[in-house]
Amino acid sequence: MAQVREVIELLTKILRENGTTKIKAEIFRLAKFDKDEAVVPLWKLLFELIYFLENGTIDDVVIRAFSQLTTEEMAIYVKQKMQNYGFLSRSFSLLPNDMLTGSRELLLALAWLLCTKNIIEKFMEKCSSPIDDDIYEFQRDGLDQSTNSSQLSHSLTGKLTAVQKVQQLQQLNGKLRFSLRQLYALQSERTRIQHRIHESTQGVSLSGDKKHLSVMEVYLLRNPEHLKKILRLLEKDNERLQNLLHWKEQEDVFWKWMESVLDMRLKNLSQSEQEERDTKPMVHYNIPPDIIGQMHAARKNLEAAIMKYESIIEHLEELWETKRRAITEPELNNLLAAINEEIAYQRATLGIDHEDGFRYEGRYQEPRLVLFKNDPSMKSTNLRQQRSESNTLQAFGVLGSLEGLDMPTDIQTEIAALEKYLHRMEIEASGKQRGYLAELDKLAERIPDAICIQPKTVR
Amino acid sequence: MFLIVLILTSSCIMSIITLQLGQCGNQIGGELFTTFIKDAHAKPSNVQVSANRNEQYTEEVISKFFTTESQSDKFDVPQARAVLVDMEPKVIAQICTEAKRTGKWMYPEKQQFSQKRGSGNNWAHGFCVHGPRVKEKVMNMIQQEAEKCDNLGGFLSLTSLAGGTGSGVGAYVTQCLRDEFPNSFILNQVVWPYHTGEVIVQNYNAILTLSHLYQSADAVLVMENDHLHRICTQLLNIKKIGFKDINNVICHKLASFLLPAVTQKYTDHRRSNAFGEVLEHLVSHPDYKLLTIKNIPQMSDTSKQFCTYQWHGLLKHLRQMLIADASMEEGIDWQVHLGDGSGIKHNQSLANALFLRGKDLDGIDVSSFSDPKLYPSWILPNTGVAVYKQPRIFNDYEKSAALVTNSRSPIGSLNHMIGKAWNMFSSRAYVYQYEKHGLTEEDFLDSFVTLEQVVANYNTL
């Protein structure tokens, strides 16, 4: 069994290296025997791992959560998330929320999470050479200071009339717009300079997947004093990877041990307890409280709607029959075109209203640009498809996703997608414009003395 | 590897592209680049900063306003980042030769547009006829110029208000610029005609230009000929005043605003006055876009060597110039005080940017410019004034200060001009000449309303 202990120690080390609070291997052993000392650390660990799954990292939000959430809130959160992931254990859902007992159930839940969510693999993906990260990552420390927001809130709550408040908001809005434009300018500058660096370092490369140096590498060549820091980071990374490798080799020991935990649980659960537990219904945490009432209401609505539309449909069918005999071909075509246009417009509006299109999941990650130059003299059987242009920039993983970097997308398809999007936006804009103009006219009618002049841009 | 090192050091400077439109704009532009070059190449003994710092400064000025190399080769002399547009060829040809003759800078080739016939002081001819016709060629030139910049900080366009080409085509080109570069910063510098001007329809042209620029530019920087003229006679002691003298004053003002200076806004990161950042400070409210520059001291070259100044005194004068709305340090009304309610109403500002250049910059007290009474009650506390400093001596002034202000300053003249134009318009004088080119009475009315609104906005400040 000594080997088991080693493997579990390795696991705790890996967890620790990836940001969780320190946990002793002993806790695992205690949990196997359902000892209460192990309960709190395991809840914590579960919470941290769930946070990692949701956000891709474990940062100081977690530490704050520990001090700000009550034990009950945390327990319910964890249970809810676990059920969302599909862990539908009755005994787990029945664990007391005060975090006093039930360490073995927690251990099983932990093992389930590790296994089904491939957490260890995700840790591994997170390990990447620090040289790959770009320069801004390296220098971010100085920029992270959050600005003093108390000054702002003070003035916003100050004694201002409604008009003055509007003025202030307009100015703040303007400042925001200007800042965004500056940001845009800086972003495009960064891309241009990066392109130049990539272009002028063609042929010199440290890694296989690109043929030039990265900004970070050039920066390090200029500032060799930072190499030491990078070396330390690399060594740490290496160690982490080493541990992960060891884990891969020996994890079967851990899973075998987990089997014994499961056996123990089955054995210990006496028949009577079993029965008692079975009679208790499972507690579902992610079901809204008034679901039955809502379902009844929905059903009634549906029935009413069917009743209402039945007669309309009949009526329409009659109409269709009569009209079909009357209408001519060109008329039909015109009608179809009009309907298609309306549908396209409605669809565009729907697409825009769908908020998810604008929300970034997880942390925003800069697109990574790599310059590919197709060298005619080199007839490589490159996996990537040949491109018509001589220079193609490829954007990797525009949005940071937990699954790591996406496959390279051809910039042409990106452009096509954006053009499509633009088209949709245009349709929507013209629709909105019409709407607003009508609204404006309505408003203007109410104020008899006002002359309403449309901005030059809409004419 | 050395190549890369060079690229990285020369990057972080925002370049500005200048558009010289019409006769007036072109003359000012030529003078402005001369001023930049003169400043960049000032005698090291005259600038009072270390050689290293001087070199950095020079490099910054050059890369902000000039191109020094193309992708294939390095230029012999820096080329101005500028596009020149005029309907008559004479002035452009002249300033191009003058620039080349200096041997220190030149205009880029094929970035000038001119044709044979002018707009005859008719704004409509410039805006409705010439503008659409020249659009494609001019926008191509601007695009090319923009592609030479690693970091395009924005556009500075120079025009007069009164003429036909500069103002009409200028307003049109600014509109196109806004469409083509929706995320760029656009500052229009306009020269305000004399109150008793020589062109009869100047007030028409001026209101049409201003109202159009107000829609598309981020800021409109106003230079009033009457004020400039007075500076020439009373401060610079010039007997026979020509365009060149006036333009010199304009360029001095512009340069003291545009040349590198450092802000302390970001505590850890010392940044030079990026165009966008200054504009963000000054004109972030979309209703208030008019800027004026007040600067001190101004004197003839011969008097410069006999004068010394203290910062305290300079700033005291400058502040009084601001609140009493004086265009120069002579004849300031010292009776105007801030907000006692009884006396004459002071000149209220929305935002100010203070540029200090010269010796002994440490420990200057600028708190008098952040007095909350100077600003409307609704701005955020302590955001009224931004300070930019540059220890290098500018234009041989040991110490000099310039205040770019978004204040009520130009409103008096604007109101006057609207009144005069309205008088003419109510009898429909000369309107047919504008209608001939496709401008309608409604366009006139729109312009009046837009500017009346601007006046009203500033008056409620």
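Guide: Two strands pair if DSSP finds at least two bridges between them. Strands (E, at least two residues) and helices (H or I, at least four) are DSSP runs, numbered from the N terminus. The model is predicted, so local features need pLDDT of at least 70 and side-chain atom pairs count only at pLDDT 80 or more, while totals for chains, interfaces and linings use all residues. Residues are numbered from 1 along each chain as its sequence is written, chains are lettered from A and ligands numbered from 1 in the order written, and side-chain values use heavy atoms, without hydrogens and water.

Visitor: In β6(B), what is the bridge partner of B:L19?

Guide: The partner is B:S157. Strand β1 (residues 15–21) of chain B pairs with β6(B) in the parallel sense over six bridges.

Visitor: How are two packed helices described?

Guide: By the angle between their axes and the distance between the axes. In chain A, helix α3 (residues 39–55) and helix α8 (residues 119–126) pack at about 55 degrees, with axes 12 Å apart. That makes α3(A) oblique to α8(A); angles under 35 degrees count as roughly parallel, over 145 as roughly antiparallel, 65 to 115 as roughly perpendicular and the rest as oblique.

Visitor: Which residues of α3(A) meet α8(A)?

Guide: A:L49, A:F52 and A:L53 meet A:I119, A:K122, A:F123 and A:K126, where contact means heavy atoms within 4.5 Å.

Notes:
Axes are lines fitted to C-alpha atoms, for helices over the stretch in contact, and angles run from 0 to 180 degrees between N-to-C directions.
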